[in-house]
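Hello,

Here is the structure I promised to pass on to you. Have a look at it first, and then read my notes below.

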Amino acid sequence: MRLMPISMARPGMRLAKKIFSEEGLILLAENVELDARMIRRLTDCGISYIYIKDPRLEDTVIPDIISEDTIRNALKEIRQSFRQMMDRPNGRRGVTYPYISKSYYNMMNMVIDDLTAHEDAMIMLMNLNSVDHYLYQHSLNVCVYTTLLGIAEGYNRDDLMVLGMGAALHDIGKSQIPADVLKKPGKLSNEEYELMKLHAEVGYRMLKDEPNMPLLVAHCAFQHHERLDGSGYPRGIKGNEIHEYAKWIGLVDSYDAMTTKRIYRSAMLPHQAIELLYAGSGTLYEQRMVQQFRDKVAIYPIGLTVQMNSGETGVVVDINAACPHRPIIRVLEEGGSMVNSPYEVDLSKQLTTMIISVNNEITEAV
């Protein structure tokens, strides 16, 4: 299968992975032949990339770092909790609203079990084949990516539970931000931006007294926009004043925001987002954390079309876990002409060969 921007999709192509609705239902099944109407609909729904079938890549496997069941259950839990919070004026609880801590412990057990079952799991783009409210999918992505980094750091299960819940609920304060500000398609005014910034403190107030919820989860919501040099908000704290969990969540939150399509801009690919994170290394983010993050991210996702300085164009078919920025490429074209027998190039062994561009058009196999 190949991963391509929806803008490059053409009628007649066949889906290689299912597309899910916000409720976890299948909108388009695997092997469905796309037509112009479907492509327009996917574009309107905010789908940035799709996987399409290519007979030259039938053996390519896209590993899922967590199962479809876990994703559906987690999204359901996140949607329900955010909607419950939206119904609580100013975050006040009433007897009719169930507490969310038990369900989040159950959700995190599923996420941790899935991630620990895949020892060499890499951070893959998760929001490619689902149509969902940005806030819910973003919360799940940040939860999964951050928990995976916590596993790589050697955190024990209890620590991972708190870290993962803090990540899943880091943006809960946005449930109290007016929808016209939260979903504004253009740049926020100064007044709207100040209102948006309140979500960190609002989230803290909503979570700090939640029964059976660790207080540190609330502090993750409070601190995830703080930055190493004190340039963040809401308090402008810096360095060691920021909890380590909040530093991880802030880093991952930035990455996922950059790699997700928004109303006002296109999604970046992982290698582009990592470059921007490195630009903030040592000032906005801990350098060690950025390096750890880079080592766990599939910078060039499996299925991505790339062009190399050798004049060859191909598709990423595997990731070198020890060197994720040097993947294995199956070459399909040389100098713009389709090769008769595709072959593979391992960039971890051919060090003079470099990726120079991505998402190139490739001649379709007949």
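To talk about holes in a protein we need a definition: on a 1 Å grid over the protein atoms alone, a cavity is a set of points where a 1.4 Å probe fits but cannot get out, and its lining residues have an atom within 4 Å of a point. This is a predicted model, where local features need pLDDT of at least 70 and side-chain atom pairs count only at pLDDT 80 or more, while totals for chains, interfaces and linings use all residues. Residues are numbered from 1 along each chain as its sequence is written, and side-chain values use heavy atoms, without hydrogens and water.

The second largest cavity is lined by Glu226, Arg227, Leu228, Ile242, Ala246, Lys247, Gly250, Leu251, Leu284, Tyr285, Glu286 and Met289. Helix H10 (residues 244-258) gives the most to this lining, with four residues; helices here are DSSP runs of H or I with at least four residues, and strands are runs of E with at least two, numbered from the N terminus.

Now for the sheet. Five strands form an open sheet in the order E8-E7-E6-E5-E9, with antiparallel pairing (two strands pair if DSSP finds at least two bridges between them). At the edges, strand E8 (337-346) and strand E9 (355-358) each pair on one side only. Strand E6 (residues 312-318) and strand E7 (residues 328-334) pair in the antiparallel sense over six bridges. One of the partners in E7 is Ile328, which bridges to Asp318.

Enjoy exploring!

How values were computed:
On a 1 Å grid over the protein atoms alone, a cavity is a set of points where a 1.4 Å probe fits but cannot get out, and a pocket is an open set with protein on both sides within 12 Å along at least five of seven lines; lining residues have an atom within 4 Å of a point.
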